[in-house]
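Hi everyone, thanks for coming. Have a look at the model on the screen, and then I'll walk you through a few spots in it.

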Amino acid sequence: MKIYKILPVLFSFSLPLVCVAQQQWPEVTQTAKPWTRWWWMGSAVDKAGVDKQLSQLGGAGFGGVQVVPIYGAKGYEDKYISYLTPDWMGMLDYTVSDAAKYGMGVDISVGTGWPIGGPQVTAEDAASKMVVQEYTLKAGEPFKDKIAITDEKQKGVPGVALSAVVAYNDKGKAEIIIDKVLADGTLKWNPKAGVYQIYALFTAKTGQKVKRAALGGEGFTLDHFSDVALGNYFKKFDTAFGGTSHGVRSFFNDSYEVYGANWTADFFTEFEKRQGYDLRPYIKYLVEKADDDVTTRVKADYRETMSALMLENFTQKFTAWANGKKAMNTNQAHGSPANLLDLYAAVDIPESETFGSTPFNIPGLRGAGAEAQEVGPDPSILKFSSSAANVMGKKLTSNETFTWLTEHFKTSWSQCKPEVEQVFLSGINHVFYHGTPYSPADAPFPGWLFYASVNFTPQNSMYPHLNGLNEYIARCQAILQSGQPDNDVLAYWPVYDSWMSAKGLDMPFGIHQIDNWLCPTVFYQNVSALQGMGYALDYASDKMLADAKVVNGQIKVNDNGAAYKVLVISKSNYMPVSTLENIIRLAKNGGVIVLQGFPDDVPGLDNLETNRKKLKDLIASIALVQKANGISAAALGKGKIIVSNDTAKGLAYANVEREALVDTGLKYIRRKTEDATYYYIVNHQDVEVDRFINFNTIATNAVLMDPQTGAIGTADFSKQTNSTGVRLQLVPGEAMFVKLSNNTPSGKDNWHYINSVEKPVTINSKWKLHFVSGGPEIPADRELAAPQLWTDFTDDVATQNFSGTAVYSTTFKLKKKKGDDYILTIDTLDESARVIINGHDAGIIWCVPFQLNIGKYLKKGENTIQIEVCNLMANRIRYMDKNKMEWRKYHEINFVNIKYKDFDASNWEVQPSGISGVNILPVDYK
């Protein structure tokens, strides 16, 4: 039996904070608690259902809901409420006031389903694409074709129009001839000689409509590149909301999933305004499959223009609109064909997304199953959102969390913990569960369900123990939302290396396509390696570097944002002259730059040779001096540029130290307040860490803070010259905050390091197993010699089908309390347990390690122990499908499994449920 260290004291948010040391926890605010996406299915909501569910969510520790109307349930059509109508707004107003009663906030999406769109989006305002048709014309021969769009679906659609006609001779010279095309498509142009290829570009429509729309939200997807389209879209919201937010905290926009949208009506004008040349003579370079320099440069300029339009005409205007309602906005930029950093930086709350599960090497942690999608989040993509927030001084970075974590009905809270820890380690501090469907107050099991897991619904058989996960997240976020990020390195993202490609046309930066646009880059290799070595970093865009300045020797982009000791420039093939000028400017003003190598070329087509010369001259102006270890450096003004092919060596030369704690296998993220530095430490490996760890912070006081229990104690520590050594005992799966400061300790409570473990307390009495609540039927009570899984009773059909709550109980005698504390361990727990000792609630065991300290509740003599266990919904759903009971009855996608096939649990194996191997161990502390 593996014996883990003991947790000192268990606290809950429901208990008063009585100890001096406890007062060091930041306040758990509404925002620090997790929020959940709240799907209003068909918006078939009523006051009774809203109140019941909000009370359940508030009771489970949620801080707020994000209302997203979607498709509805069959049979309830007469209860659907059309989006943004007075009746719908009345329910929103009730929801906001009712949520406040339970200490919760409310966000809403700016549309139903996704992506953004609806009935107010006219054909002219709908997502657009270019359609290019090619013709051949030989001089002296009549042109028999009509220059008119041939796609029957596009004919007669408002907004579909001929935008350019260009003829290319056999030498590639272009002539714009759109003025020679008559209204009926007749071409009145007769060249004197040669054969011409004619390209006609039409502004057309994608035809995409809102996916998973609710009543009143059906319609075309919006043209994200047109400010006119966005302004028209929000008119319906202005009518519904007036000049206020109606109490909504933030307006939310989901990820960019607009397919084939690569154009907008005035693109030619916008392109020339930004790029300095007319795009029309280069139409063929946008559509031909060529791999030449001109094609690459024209496409890069096209992509840069798309990015600018997305930023200026959608993202910035969305923010201004929400702020005009005296509210914030939340935006998922990923998937957009634009610079993600600039989009995230332009909103109040940047939001990322996680999808699928991650394999962890944590003993005792159940895997996600063979059917799961193990495409766990890469911290490097998650850091795009948190970097923008950190650089710009935004307090919150949110995340759509647990999307398709496992198959439906098979997610345990223990599986959620390491997944959300990865999110925190990426700099995110405001998680939204994906999610919770609204269910009517009288809805039978399993209630209304969303087609994608995980459904954090009160009908979930594990819901009684969700407080364990929620309180853990709230404690973490209370610290992660305080103070400022404390990252040393600002790493430039060379987006032009991605844009300068002859392949394809528009370039969406999606989270599921990072193998195409992120992972192959030198930038990715560098930031991944640096983070693995213990360097704390954020990303910066070209636009951010243009705004950056040096303050007290550190680089800042925004007055309210984070400050960085060094700017790292990965080797790039292409860099704008203006970006290199800004890098040199920062060095001259006192900044430290670590450059892996100078760029080879400039991007874009306009003024190419002039820009190339400028870039070459700038590089030549940097007088490098060779140093040791393959490093060269140049002093520029008050700062310097360090050039090294090995960025880690360059950082060491710049005296930027890594956190060597990662050498132990631990992961970390760091934040600082006015009087302290906090390290969030996580052990995702399969070995225990019990040693002194050096932290790159000078301190005279070290405090350990356990976010799982709320326990706090003064740590064993030693002051080093430039660091502080702190003793950590972390078992696999455990997390800890280390608070380092120069303050006088406010309490005398020392952290309880385990010193020894004595023989287990003998429990000779029999155990009772009583099934409390659940279904489809309540199994009969049992008497057991020792706790065992109730699904082991294969002769009892009721136990095989049961999902719900059961209680294992017994009594035992304690001759005397000889240990400093006692720990209760459970060898097998499927899936969570609340422990009650002598009538006292000792807490919830919901994650690895499956253990709990209970010494304060024990007494000499006879003691009672009750272990309330909740299992997964899977066995009951299996029963319902085996018996062909109808429970999935929704419009549109209805209900699918994790592979997006029709869901059927009838052939599932029975999922293990219950507990086995209960031990009570006396322990002595150091």
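This is a predicted model: local features need pLDDT of at least 70, side-chain atom pairs count only at pLDDT 80 or more; totals for chains, interfaces and linings use all residues.

Residues are numbered from 1 along each chain as its sequence is written, and side-chain values use heavy atoms, with hydrogens and water left out.

Let's start with D301. It sits in helix α6, residues 293–324. When I say helix or strand, I mean DSSP runs, numbered from the N terminus: H or I with at least four residues for helices, E with at least two for strands.

D301 does have a polar contact, though: its side chain meets the side chain of Y277 at 2.6 Å. That term covers a pair of N or O atoms within 3.5 Å; within protein, one must be able to donate a hydrogen and the other to accept it, and residues adjacent in sequence count only if both atoms are side-chain atoms. Leaving out residues up to four places away in sequence, D301 touches F271, Q275, Y277, G604, L605 and D606. Touching, or contact, is heavy atoms within 4.5 Å.

Now the cores. A nonpolar core is a set of buried Ala, Val, Leu, Ile, Met, Phe, Trp, Tyr and Cys residues joined through side-chain atoms within 4.5 Å. The largest one here has 218 residues, and W88, F241, F251, F384, F409 and Y680 have the most contacts inside it. Our helix α6 gives the most to this core, with 11 residues. Apart from it lies another core, of 36 residues, with V761, Y808, L858 and I915 among them.

Not counting residues up to four places away in sequence, F384 touches L340, L341, Y344, W493, W517, L518 and Y539.

On to strand β35, residues 767–775, which is where you'll find K768. Is K768 buried or exposed? It counts as exposed because its relative accessible area is 54%. K768 touches R782, V807, Y808 and S809, again not counting residues up to four places away in sequence. And if you pick out E134, 634 residues apart from K768 along the chain, the two C-alpha atoms are separated by 80 Å.

Who are the neighbours of β35? Two strands pair if DSSP finds at least two bridges between them. Three bridges join β35 to β36 (residues 782–784), and the two run antiparallel. They form a hairpin with six residues between them, and L769 stands opposite R782 in β36. Seven bridges join β35 to β37 (residues 803–814), also antiparallel, with S773 standing opposite T805 in β37.

There's also an open sheet of six strands, with antiparallel pairing, in the order β15-β26-β27-β33-β29-β30. Its edge strands, each pairing on one side only, are β15 (484–485) and β30 (712–714). Inside that order, β29 (residues 701–705) and β33 (residues 735–741) pair over five bridges, and M705 stands opposite F737 in β33.

The peptide bond from S453 to V454 is cis, with omega near 15°, and V454 lies in the loop between β14 (430–437) and α10 (466–480). Another cis peptide bond joins V848 and P849, with omega about 0°.

Then two residues other than glycine with positive phi: W404, near 50°, and N629, near 65°. W404 is in the loop between β13 (398–403) and α9 (413–425), and counts as buried because its relative accessibility is 0%. N629, in the loop between β23 (625–626) and β24 (632–636), is exposed, with a relative accessible area of 54%.

Terms used
Buried means under 20% relative accessible area, exposed over 50%, partly exposed in between (1.4 Å probe, protein chains only).
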